Amino acid sequence: MEVAQLKIEIAKRMPKQRYEHVLRVTETAKRLAEKYRLPVIKAEQAALFHDIAKFMDKADLHHVLNTANEDSRLLSFHHELWHAPVGAIIARDEFGISDADTLNAIRYHTTGRATMSPLEKLIYVSDMIEPGRSFPGVDELRVKAEENLDTAMEACIYQSVQFLVNKRVPVFPDSIDCYNQLIRREQ
Ligand SMILES: [Fe+2]
Ligand SMILES: [Fe+2]
């Protein structure tokens with residue numbers, strides 16, 4: 001599907017504000033892909049699809065996950081996490097995206113995981129630092145994103161895990177694994 005047509009399909013599935021976020025993530029991902037010599041087309045596709053399931057009904061998300069071959073632990077965690085794997089399923093089954101790295105970049109954009117590919121890191125980081133984001137510390141993340149993708153990813157997962165711990169809510173094991181793996185790499 002042409003990018004212009006894909007954008008129309010994506011815009012139909014979410015409010016304008018979220019669609020604008022998706023476009024900002026896409027521009028950020030394309031720019032960083034060029035910078036880090038990653039495939040720009042894959043970065044663009046993964047970014048465009050990453051939140052495609054964000055506004056599905058909770059019951060529908062649950063149903064898709066329940067019938068798909070996805071990590072069943074997700075169902076006992078907050079439903080905010082569900083749109084990422086369901087987005088990968090939609091990209092594959094409704095739009096014919098077959099590239100495993102692109103699908104994994106969509107699938108892990110919310111939790112991260114241990115041993116993420118460069119494309120997975122790129123999408124995770126782009127989602128967090130796109131120009132519309134404004135949370136304490138985002139400017140430091142933006143600086144890191146221009147320096148090195150691994151240290152940017154480490155700073156992003158640290159920020160995410162810390163945010164959840166401060167809220168006293170559970171942290172999905174993939175995020176802890178991601179944090180542990182990146183923090184060990186430093187020592
Ligand atoms: Fe998301
Ligand atoms: Fe997003």
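**Helix contacts, a pocket and an iron site**

Let me begin with a pair of helices: the axes of helix H3, which covers residues 40–49, and helix H6, which covers residues 100–107, come within 9 Å and cross at roughly 35°. Please keep in mind throughout that what we are looking at is a predicted model. The crossing in which H3 passes H6 is right-handed, and if you look at the residues that meet there, you will find Lys42, Gln45, Ala46 and Phe49 on the H3 side and Thr102, Ala105 and Ile106 on the H6 side. Sorted by class, the residues of this contact are four nonpolar, two polar and one charged.

Now let us turn to a second pair, H7 and helix H8, the latter made of residues 138–147, whose axes come within 10 Å and cross at roughly 140°. Here H7 passes H8 in a left-handed crossing, and the contact brings Val125, Met128 and Ile129 of H7 to Val138, Leu141, Arg142 and Ala145 of H8. Which classes of residue make up the contact of H7 with H8? There are six nonpolar residues and one charged residue, with no polar ones.

I would like to move on to the metal. The iron ion that is written as ligand 1 is coordinated by Asp51 through OD, and by His83 and His109 through NE2, at 2.1 Å. Along the chain, the donors of this iron ion follow the spacing D-x31-H-x25-H. Since His83 belongs to helix H5, residues 83–93, while His109 sits in the loop between H6 and H7, the pair ties together parts that are 26 residues apart in sequence. There is also the iron ion written as ligand 2, which is 3.6 Å from ligand 1, and Asp51 coordinates both.

Finally, we come to the largest pocket, which holds about 910 Å³ of space. Its lining consists of 29 residues, and those that lie nearest the centre of the pocket are Glu80, Thr110, Ser160, Phe163 and Leu164. Two elements give two or more residues to this lining, namely helix H7 (118–129) and helix H9 (149–166), and of these H9 gives the most, with six residues. What is the make-up of the lining of the largest pocket by class? The lining has 12 nonpolar, 10 polar and seven charged residues.

Terms used:
Residues numbered from 1 in each chain as written. Chains lettered and ligands numbered in written order. Predicted model: local features only at pLDDT ≥ 70, side-chain atom pairs only at ≥ 80, totals over all residues. Heavy atoms only, no water. Axes fitted to C-alpha atoms, helices over the stretch in contact; angles between N-to-C directions. Helix = DSSP H or I, 4+ residues; strand = E, 2+ residues; numbered from the N terminus. Left-handed = near helix turned anticlockwise from the far one by under 90°. Contact = heavy atoms within 4.5 Å. Nonpolar A, V, L, I, M, F, W, Y, C, P; charged D, E, K, R; others polar. 1 Å grid on protein atoms, 1.4 Å probe; cavity = no way out; pocket = protein on both sides within 12 Å on 5 of 7 lines; lining within 4 Å. Points joined across faces, edges and corners; volume = space filled by probe spheres on them. Donors = N, O, S within 2.8 Å, 3.2 Å for Na, K, Ca; no water.
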